[in-house]
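Subject: Handing over the structure

Hello,

Here is the structure I promised to pass on to you. Please open it alongside this email, and then read on for what was found in it.

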Amino acid sequence: MRLGLKRDEVRLESYTSEWEAEFNSVKREIQACTGLDAHHIEHIGSTAIKGMTAKPIVDIMIGIDALQDVDKPLLTKFTGAGFLRLKVERPGEIVLAKFADDICEVKTHFIHLVEYQQDLWHNLLFFRNYLNDNADARQQYLAIKQEYLTTSSSGIKAYTDFKESFVKEIIAKRMEYAHSEEIESRN
């Protein structure tokens, strides 16, 4: 298994069960360094979708009580597990990365710190679970990824933007399901 991408590189690798094993290993390391509850640490992103071709970076979501309470001692604990905070600005999350090299050029893992049991937490889990349960959605997602690579092998932001409408479409299904369950519970 070859993990990691250089800055702004976009490359896809065939699915391997080693991604799940790597997640479990890093999860144990994170727990040992931070003391965080195992239920607050989830494998997300394409490497968490069975059979999915993916960028060879393991995405980890960690649920915390409040983002504003993330302090230097907690970030130092993540450093003990090899993760550094990135300057990435994303609404509702703090992003950290683990690197394969000393010059921080090749990222192998991301941590997405989000508020536990809030919308972003549920949306990211729903997306992963929906694609794991739906072969047609997996095929559509793979086709979108491959289409992007026909024109470029760089531009992480452009790659993410290229997939955004599909991701939003799947996440919208979460709201549809919640609404239909609410109606059923009234009847």
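First, some ground rules. This is a predicted model, in which local features need pLDDT of at least 70 and side-chain atom pairs count only at pLDDT 80 or more, while totals for chains, interfaces and linings use all residues. Residues are numbered from 1 along each chain as its sequence is written, and side-chain values use heavy atoms, with hydrogens and water left out.

**A covered strand**

Helices (H or I, at least four residues) and strands (E, at least two) are DSSP runs, numbered from the N terminus.

What does β3 pair with? Two strands count as paired if DSSP finds at least two bridges between them. Strand β2 (residues 41–44) pairs with β3 in the antiparallel sense over four bridges, and Glu 42 has Met 61 as its bridge partner in β3. Strand β6 (residues 106–115) pairs with β3 in the parallel sense, over seven bridges. Here Ile 64 has Glu 115 as its bridge partner in β6.

Leaving aside its neighbours within four places in sequence, Leu 113 is in contact (heavy atoms within 4.5 Å) with residues including Ile 62, Ile 64, Leu 67, Val 70 and Phe 78.

**Salt bridges**

How many salt bridges does a search of the whole structure find? There are 10, each being a side-chain nitrogen of Lys or Arg within 4 Å of a carboxyl oxygen of Asp or Glu. One of them joins Lys 98 to Glu 29, with the closest N and O atoms 3.5 Å apart. This pair links distant parts of the chain, as Lys 98 sits in strand β5 (residues 94–99) and Glu 29 in helix α1 (residues 18–34), 69 residues apart. Lys 98 is buried, at 16% relative accessibility, whereas Glu 29 is partly exposed at 32%.

Helix α5 (residues 156–186) holds both Asp 161 and Lys 157, four residues apart, about one turn of the helix. Their salt bridge has its closest N and O atoms 2.9 Å apart. Asp 161 is partly exposed, at 38%, and Lys 157 is exposed, at 60%. Glu 164 and Lys 168 also form a salt bridge, at 3.0 Å from N to O. They are separated by about one helical turn because they are four residues apart in helix α5. Elsewhere, Arg 2, Glu 9, Arg 11 and Glu 13 are linked in a network of salt bridges.

**Aromatic rings**

The structure holds eight aromatic pairs. Rings of Phe, Tyr and Trp (its six-membered ring) pair if their centres lie within 6.5 Å; planes under 30 degrees apart are stacked, over 60 edge-to-face and the rest tilted. Tyr 116 and Trp 121 form an edge-to-face pair, with 4.8 Å from centre to centre and 70° between the planes. Tyr 116 is partly exposed at 23% relative accessibility, and Trp 121 is buried at 2%.

Phe 126 and Tyr 130 have ring centres 5.8 Å apart and planes at 25°, so this pair is stacked. Both residues are buried, and they lie four residues apart in helix α3 (residues 119–133). Finally, Phe 127, Tyr 141 and Phe 166 form one aromatic cluster.

Happy exploring!

Note on methods: Buried means under 20% relative accessible area, exposed over 50%, partly exposed in between (1.4 Å probe, protein chains only).
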